[in-house]
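Here are my notes on this model, written for someone who likes to see the cut-offs spelled out. Have a look at the structure first.

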Amino acid sequence: MSEPAVRVDTTSQVPPYDQIRSQLAALIVTGRLTEGERLPTVRQLAADLGLAPGTVARAYRELEAAELIRTRRGAGSRVAAPRARPGRPDPEQLATLARDFTASARALGADTDAVLTAVREALEEGA
């Protein structure tokens with residue numbers, strides 16, 4: 001991970017660990033972070049973001065539980081191999097992505113209409 005792709009808004013109501021988790025998950029799911037790519041160490045990312053290492057460690061634990069990264073002692077954390085895509089999207093994953101997007105949009109100050117407009121436009125672009 002060569003560029004600082006993760007940002008944390010400490011004034012947001014979304015906890016910092018959740019902001020980190022959702023941003024990294026989005027980078028992995030969209031392919032911007034690829035299989036085997038090494039993530040910064042917990043201490044390095046915490047220092048870069050000005051956060052406590054425990055905050056970053058919690059985000060990494062949740063990403064590992066979601067099977068998006070794998071961590072090996074002494075080898076660091078790397079992006080995991082993508083899971084086989086089912087024919088239909090998993091409703092729980094879809095709900096999680098929607099919650100993550102909504103929370104991030106709200107943190108930017110977007111109201112419901114702005115969030116829905118952004119989703120509609122994104123869907124139209126992908127059609």
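1. Ground rules. This is a predicted model, so local features need pLDDT of at least 70 and side-chain atom pairs count only at pLDDT 80 or more, while totals for chains, interfaces and linings use all residues. Residues are numbered from 1 along each chain as its sequence is written, and side-chain values use heavy atoms, with hydrogens and water left out.

2. Salt bridge count. The rule asks for a side-chain nitrogen of Lys or Arg within 4 Å of a carboxyl oxygen of Asp or Glu. That gives four salt bridges. Asp18, Arg21, Arg58, Glu62 and Asp100 are linked in a network of them.

3. Arg21 and its partners. Arg21 pairs with Asp18 at 2.6 Å, N to O; the two sit three residues apart in helix H1 (residues 16–29), about one helical turn. Helices here are DSSP runs of H or I with at least four residues, strands are E runs with at least two, and both are numbered from the N terminus. Arg21 also meets Asp100, at 2.8 Å, N to O. Asp100 belongs to helix H4 and Arg21 to helix H1, so this pair ties together parts 79 residues apart in sequence.

4. Are those side chains buried or exposed? Arg21 is buried at 12% relative accessibility, and Asp100 is buried as well, at 13%. (Buried is under 20% relative accessible area, exposed over 50%, partly exposed in between, with a 1.4 Å probe and protein chains only.)

5. The H3 pair. Glu62 and Arg58 form a salt bridge at 3.4 Å, N to O. They are four residues apart in helix H3 (residues 53–65), again about one helical turn. Glu62 is partly exposed at 29%, and Arg58 is partly exposed at 35%.

6. Helix H4. Residues 91–107 make up its 17 residues, and the C-alpha span of 24 Å from first to last is close to the 24 Å expected at 1.5 Å a residue. (The expected span is 1.5 Å times one less than the number of residues.) Gly109 follows H4 and has a positive phi, near 100 degrees.

7. Positive patch. Arg38, Arg70, Arg72 and Arg78 gather on the surface as a patch of positive charge. Patch members need over 30% relative accessible area and no salt bridge, and like charges are joined within 9 Å, with the charge of Arg placed at CZ. Arg72 is in strand E1 (residues 69–72) and is exposed, at 52%.

Definitions and conventions:
Patches are made of residues with over 30% relative accessible area and no salt bridge: like charges are joined within 9 Å, nonpolar side chains (Val, Leu, Ile, Met, Phe, Trp, Tyr) within 5 Å. Accessible areas come from the Shrake-Rupley method with a 1.4 Å probe; for residues, only the protein chains shown count as cover. Lys and Arg count as positive and Asp and Glu as negative; His and the chain ends are not counted.
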